[in-house]
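Reader: Could you take me closely through the aromatic contacts of this model, with the cut-offs behind each term? I would like one connected account.

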Amino acid sequence: MVFLQPWMLLASIFLAVPILLHFWRRRPVRIIFPAIQFLQQRQHATRRSLRLREILLLIARMLAVLCLVIGFARPVWGPQTAQTAVGDSAVVLVLDTSVRMDYLVEGRTRLDDAKEAARQLLARLSPSRQVAVVDCRGGPVGFEADRASALAKLGALRTAPGSMPVGAAVLRACQLTQAASVRGKDIVVFTDLAAAGWPSEIVVAIERQLSTQGAPRLWVVDVGIPHPHNWWLGDLEVVPEVAAPGQPVRLRTVVGGTGQKSVAIELYVDEPEKSATTEVKAPELAPRVSPGEARSEGTPRIVNTIDIPPEGSAAVDLGFTVKEQGAYQGVVKLAGLDGLYWDNERYFTVVVRPPQRVLIVAPAPVIENSVYIRNMLAPESLVSVGHVRFDCHLTDQSRLGDELAHGWVGIALLDPQPIEDETAKKLLGFVEKGGGLVVLLGSQAGDPVRWQSEALKRFLPAVPLRQARVPEGTYARPESYQHPIFRPLARYADKLPWELAPVFRYWQVSLPTTDSQVLMTFADGGAALLERKVGRGRVLLLTTPVSDPPRSGAWNLFTAGECWPILAMIQQIFVYATAAERETVSFWSSPRLALDVDGAGSALPRLLQRAGVRPHGPVVLEQRGEIVEIPAIDLAGNYMVEIPGHQSQSMPAFSVNVPASQTDLTRVDEGLLSKLQKAGVWVGHSVEALPAFAGGEQTGVELSGYFLLAALLFFLGELLLSNLFYRQPKMVPVLTQPQRAAEPLAGAGSAR
């Protein structure tokens with residue numbers, strides 16, 4: 001037997017009260033009694049009787065006080081009470097709500113099995129236990145008010161594409177138990193034990209938490225399938241995401257699965273003029289369905305059959321050509337459904353914009369050589385049919401100040417001469433309002449001292465100091481391929497022939513400012529490409545020109561055409577500077593995403609869904625100026641933001657995909673499993689196998705009510721005994737002599 005509130009036993013000190021009352025003696029009262037001799041004869045018998053009565057009353061009083069104290073201490077009796085019926089204990093139930101838990105087996109998802117196992121565990125827990133339910137969606141966590149609220153929260157759990165790893169949810173549960181002022185702490189995790197839910201850095205943090213003093217015990221209930229059968233699509237690469245009319249779009253991904261099989265890949269594309277949008281509605285009007293059912297009816301544009309090697313994957317390359325301006329949205333889909341539908345579709349958006357107006361500024365000696373960069377940005381063969389990204393215009397540097405007010409989205413300073421302060425101030429205003437500026441330094445830069453003005457330092461990433469000469473030649477190479485300028489080249493990183501574009505001369509520059517970064521360096525360590533963000537715009541500085549003809553004495557051979565990555569790099573530099581890439585159209589499922597919506601004004605935008613899995617509830621957008629924040633933890637599909645007063649073709653469009661890593665059903669390896677077990681983590685397959693909860697906790701009986709009833713009975717018994725033992729006898733009046741003499745007279749008078 002244990003006590004749920006053992007501190008109440010301190011009240012047993014009141015047992016001393018009946019004892020003190022027992023030994024307390026009142027001052028004796030002298031009684032005049034005529035039969036003194038009779039009393040003396042009964043003195044010994046009466047003394048023995050009184051002593052027995054007082055002992056019985058003392059025992060009754062002490063038992064009443066003792067039962068009262070024990071009753072308030074809440075004793076519990078049962079076979080499991082020594083381990084589990086402790087009142088100051090807590091259990092945190094962690095349920096994996098990642099999309100992998102929607103894997104179907106015989107009509108039941110892994111989350112269904114997890115919730116059923118959690119209900120079984122709740123039925124076994126003592127009612128005195130504190131219970132909390134934690135999932136992977138995030139948000140505040142805390143202990144539930146009662147068992148009914150815990151069951152209600154369990155029933156409401158749903159999978160979410162933007163969920164955190166289950167290991168991160170375990171860390172949140174550890175923090176919750178640390179804040180709880182209880183002695184017994186248990187965390188029970190219900191998961192499919194997929195490796196994606198247990199990143200190595202999170203496992204290290206869990207081990208650190210479990211090694212601290214007062215750490216909870218961690219139990220893992222595995223509801224996963226040891227050998228799942230599933231076909232999947234990898235992450236989708238779309239090149240480009242912002243295109244010009246007539247430009248081809250390439251879609252690349254991989255497909256894989258278990259066993260050898262041929263699968264069909266379908267490509268659906270909704271063109272701007274054929275887009276039929278439907279508003280995201282409440283779940284009772286638009287129930288959650290599998291991918292594809294939320295999309296309007298249509299036939300696939302392309303169907304490819306891919307042969308999958310056993311236990312392997314195969315590359316998938318698809319494509320189409322965009323024609324009209326607006327947003328093209330589509331789906332790459334595996335034909336048919338399997339146990340997990342979340343990895344059967346990938347969504348994409350391609351925004352087709354008119355050519356961006358770019359002003360190429362060059363001093364008079366360089367204007368003739370501007371043909372190289374104009375052909376890189378807008379080849380004549382594509383200009384004639386209107387299939388170019390940029391609408392290039394050329395002007396002399398002397399007219400730059402007057403041209404800034406003509407609505408350019410980007411300006412290129414091609415081998416510029418030193419810029420006057422008045423023009424520099426206008427360039428600063430142009431960039432701060434969102435314009436893109438590309439500076440390509442060359443031989444016309446002249447005296448470096450003239451570049452040291454405060455006006456230029458306010459927006460240039462660095463200023464030229466001196467010319468560096470490399471007679472044997474060097475070459476430029478990116479620091480990383482993660483930047484948007486170099487990201488399209490990342491898949492070819494190991495094969496790019498950068499050395500085919502040698503550089504013999506470049507400008508050494510000052511140390512970059514605190515808000516600048518070096519994106520590309522030369523092989524000898526010098527800075528080649530720098531970036532600085534100023535206001536809403538960007539400034540990019542290339543320390544060698546793209547205007548020298550490929551001849552002896554040239555600063556570089558960028559214009560020779562031998563190195564094709566140079567052409568791709570120059571294209572992406574202007575795409576990045578002119579804000580084409582700033583129009584983000586592809587997101588991962590996450591708690592929140594931010595979308596730049598120009599011209600939204602004060603009207604509240606609405607979210608429209610064109611394809612994908614419907615969310616569980618309505619999506620409420622929050623507008624902060626021209627930025628719209630969207631809760632995206634429950635989103636997966638193609639969406640548009642409807643702005644009142646805007647044309648349908650100008651509505652911002654984007655896609656939200658679940659990362660392929662989150663849908664990977666690969667189980668944790670034995671190494672990680674043994675690592676968890678060495679840290680004291682128990683792993684099993686059912687609630688019945690949990691050592692601490694195997695016999696249940698409801699077998700113990702709380703005895704507080706019985707003890708309180710016994711205390712009441714002892715108090716009543718003590719009252720009855722005291723009334724019985726010390727009942728006052730009927731007093732016979734003792735008449736004095738005058739009273740006796742008067743009685744006959746009174747009687748005689750009455751008779752008369």
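Author: Phe-320, Tyr-328 and Phe-348 form one aromatic cluster, where rings of Phe, Tyr and Trp (its six-membered ring) are taken to pair if their centres lie within 6.5 Å, with planes under 30 degrees apart called stacked, over 60 edge-to-face and the rest tilted. The model is a predicted one, in which local features need pLDDT of at least 70 and side-chain atom pairs count only at pLDDT 80 or more, while totals for chains, interfaces and linings use all residues. Residues are numbered from 1 along each chain as its sequence is written, and side-chain values use heavy atoms, with hydrogens and water left out.

A pair of aromatic rings is described by the distance of the centres and the angle of the planes. By the pairing rule, the count comes to 11 aromatic pairs. One of them joins Phe-320 and Phe-348, a tilted pair with 5.8 Å from centre to centre and 40° between the planes. This pair links distant parts of the chain, since Phe-320 belongs to strand S16 (residues 313–321) and Phe-348 to strand S18 (residues 345–352), 28 residues apart; strands here are DSSP runs of E with at least two residues, numbered from the N terminus. Both Phe-320 and Phe-348 are buried, a term that stands for under 20% relative accessible area, against over 50% for exposed and partly exposed in between, with a 1.4 Å probe and protein chains only.

A further pair, between Phe-587 and Phe-654, is edge-to-face, with the centres 5.7 Å apart and the planes at 90°. Phe-587 lies in strand S29 (residues 586–588) and Phe-654 in strand S35 (residues 653–657), so this contact ties together parts that are 67 residues apart in sequence. Phe-587 counts as buried because its relative accessibility is 13%, and Phe-654, with a relative accessible area of 0%, is buried as well.

Aromatic rings also take part in contacts with charged side chains, where a charge is said to sit over a ring if NZ of Lys or CZ of Arg is within 6 Å of the ring centre and within 35 degrees of the ring normal. Arg-357 lies over the face of Trp-408, at 4.1 Å from the ring centre, and Arg-538 is placed over the face of Tyr-576, at 3.9 Å from the centre of that ring.

Conventions. Helix = DSSP H or I, 4+ residues; strand = E, 2+ residues; numbered from the N terminus.
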